[in-house]
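Visitor: I have just started reading protein structures, and I would like to know what the words really mean. Could you take me through one?

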Amino acid sequence: MTSTTSPSSEKIEPQLRAVRPSDAEALCAIFNMTGFRQGTLRMPFERVEQVERRIAKSGQETTWIVAELEGKVVGHGNLVVQGSRRSHVGEINIGLDDAFVGKGIGSAILGALLDVADNWRALKRVELTVYADNEPAIRLYTSHGFEVEGRHVKAGFTDGQYHDLLSMARLRF
């Protein structure tokens with residue numbers, strides 16, 4: 001989850017599907033939204049070509065999905081399985097269109113990715129990094145069994161300021 005926008009009580013059930021090359025423009029628009037960018041380590045003014053390359057480069061180690069509402073991409077998430085001696089570990093990234101934060105879409109994306117982690121990839125550890133002041137995202141992750149494992153002091157830099165990051169993980173041993 002990458003926005004600090006206040007959640008509303010309205011819950012929406014999105015259509016989840018695998019990312020497609022044709023999603024690059026919609027994803028790029030989301031990646032360039034103010035709220036999205038403030039909750040991530042992404043640079044502003046990302047180009048569609050950069051997103052196209054990321055989609056093209058994602059391989060078998062990556063499960064990348066998008067959330068759609070009435071044919072419009074409103075969020076995405078990916079699960080990347082680590083290699084070698086960390087093949088039991090996956091890393092999750094999630095982001096939403098600023099207008100759809102707090103409506104259950106992030107939870108739907110996270111739930112789908114955790115289903116893949118548990119029931120298709122047999123991962124024992126799923127981890128992520130989140131800004132320490134992104135309370136809505138932390139609540140989301142905690143509600144899905146993630147726990148804070150550590151704080152990285154002033155490890156993120158956004159809008160001219162350093163911010164603490166939290167390492168969170170969900171273990172299933």
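Guide: Let us start with helix H5, whose buried residues are Pro136, Ala137, Ile138, Leu140 and Tyr141. This is a predicted model, in which local features need pLDDT of at least 70 and side-chain atom pairs count only at pLDDT 80 or more, while totals for chains, interfaces and linings use all residues. Residues are numbered from 1 along each chain as its sequence is written, and side-chain values use heavy atoms, with hydrogens and water left out.

Visitor: What makes a residue buried, exposed or partly exposed?

Guide: Buried means under 20% relative accessible area, exposed means over 50%, and partly exposed is in between, with a 1.4 Å probe and protein chains only. Ala122 has 54% relative accessibility, so Ala122 counts as exposed. Ala122 lies in the loop between H4 and S5, and its phi is near 55°, a positive value in a residue other than glycine.

Visitor: What covers the buried residues of H5?

Guide: The cover includes S4, H4, S5 and S7. Helices (H or I, at least four residues) and strands (E, at least two) are DSSP runs, numbered from the N terminus.

Visitor: How do you know that S5 and S7 pair?

Guide: Two strands pair if DSSP finds at least two bridges between them. Strand S5 (residues 125-131) and strand S7 (residues 161-171) have seven bridges, so they pair, and the sense is antiparallel. Val126 stands opposite Arg170 in S7. Helix H5 (residues 135-143) packs on the sheet, touching strand S4 (89-96), S5 and S7; contact means heavy atoms within 4.5 Å. The direction of H5 makes about 165° with that of S5, where axes are lines fitted to C-alpha atoms, for helices over the stretch in contact, and angles run from 0 to 180 degrees between N-to-C directions.

Visitor: Why are S1 and S6 called edge strands?

Guide: The open sheet has seven strands in the order S1-S2-S3-S4-S5-S7-S6, with mixed pairing. Strand S1 (15-18) and strand S6 (147-158) are the edge strands: each pairs on one side only.

Visitor: What makes a set of residues a nonpolar core?

Guide: Its members are buried Ala, Val, Leu, Ile, Met, Phe, Trp, Tyr and Cys residues joined through side-chain atoms within 4.5 Å. The largest core here has 30 residues, and Ile105 and Tyr141 touch the most other members. Its largest share, seven residues, comes from H4. Apart from it lies another core, of 12 residues, among them Phe31, Ile55, Val66 and Val73.
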